[in-house]
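Hi,

Here is the structure I promised to pass on. Please open it alongside these notes.

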Amino acid sequence: MRLTRFTDVALRVLMRLAVAEGADPPTTREVADTMRVPYTHTAKVVARLQHLGLLDARRGRGGGLTLTTAGHSASIGALVRELEGTDDVVECEGDTPCPLRSGCRLRGALRRAQEAFYASLDPITVTDLVASPTGPLLLGIGSGPPPD
């Protein structure tokens with residue numbers, strides 16, 4: 001299974017905001033630049049995360065992005081399910097339906113594997129993802145030469 005770019009960026013934005021506590025809240029543009037992601041893509045991700053209640057976005061002087069309490073404790077498994085959707089890993093229907101679909105065991109096996117993937121991420125929170133050594137690395141991104 002492979003995550004979409006949208007989910008990947010969403011997780012990285014949440015991680016970046018989790019380590020930004022106590023500092024001036026970064027703007028969407030600053031997060032995009034730091035994470036080396038196009039601004040327009042980051043803005044879409046920020047809007048979705050804000051809609052999910054995981055971050056607050058304030059405009060103007062003193063504005064920026066901050067992680068909410070729900071954002072800190074969000075389950076990575078639940079978040080990935082929400083962002084990726086619950087579609088099957090393979091498409092058995094569609095324009096040219098698979099001739100094996102009525103008796104195929106692969107679809108069920110892949111569904112179980114997909115759920116096992118999500119279940120393994122369920123106990124992990126955003127806060128867990130930024131524990132050392134990740135948090136200090138995130139803080140160092142974009143602020144000078146890369147760490148050794």
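One term first: pLDDT is the predictor's confidence in each residue, on a scale from 0 to 100. You will need it, as this is a predicted model.

Confidence. Mean pLDDT for the protein is 85, and 93% of its residues reach 70 or more. Helix 3 has the highest confidence, with a mean of 95. Helix 8 (residues 134-140) has the lowest, with a mean of 69. Residues 143-148 stay under 50, and the model gives them one contact beyond four places in sequence. Where pLDDT is low, the predicted coordinates should not be read in detail.

The core. The largest nonpolar core holds 29 residues. Those touching the most other members are V13, L14, L17, L49, L55, L79 and V126. At least two core residues come from each of helix 1 (5-18), helix 2 (28-35), helix 3 (39-51), strand 2 (64-67), helix 5 (76-84) and helix 6 (106-121). Helix 1 gives the largest share, eight residues. Domain 1 (1-74 + 125-143) and domain 2 (75-124) both contribute, so the core lies between them.

L14. Leaving out residues up to four places away in sequence, L14 touches L49, L54, L67, L79 and V126.

Helix 1. Ten of its 14 residues are buried, so helix 1 is largely enclosed by the rest of the structure. The buried set is T7, V9, A10, L11, V13, L14, M15, R16, L17 and A18. Its length checks out too: at 1.5 Å a residue, helix 1 should span 20 Å, and its end C-alpha atoms are 20 Å apart.

Best wishes

Definitions and conventions:
Residues are numbered from 1 along each chain as its sequence is written. This is a predicted model: local features need pLDDT of at least 70, side-chain atom pairs count only at pLDDT 80 or more; totals for chains, interfaces and linings use all residues. Side-chain values use heavy atoms; hydrogens and water are left out. A nonpolar core is a set of buried Ala, Val, Leu, Ile, Met, Phe, Trp, Tyr and Cys residues joined through side-chain atoms within 4.5 Å. Buried means under 20% relative accessible area, exposed over 50%, partly exposed in between (1.4 Å probe, protein chains only). Helices (H or I, at least four residues) and strands (E, at least two) are DSSP runs, numbered from the N terminus. Domain bounds come from an automatic or database domain assignment. Contact means heavy atoms within 4.5 Å. The expected span of a helix is 1.5 Å times one less than its number of residues.
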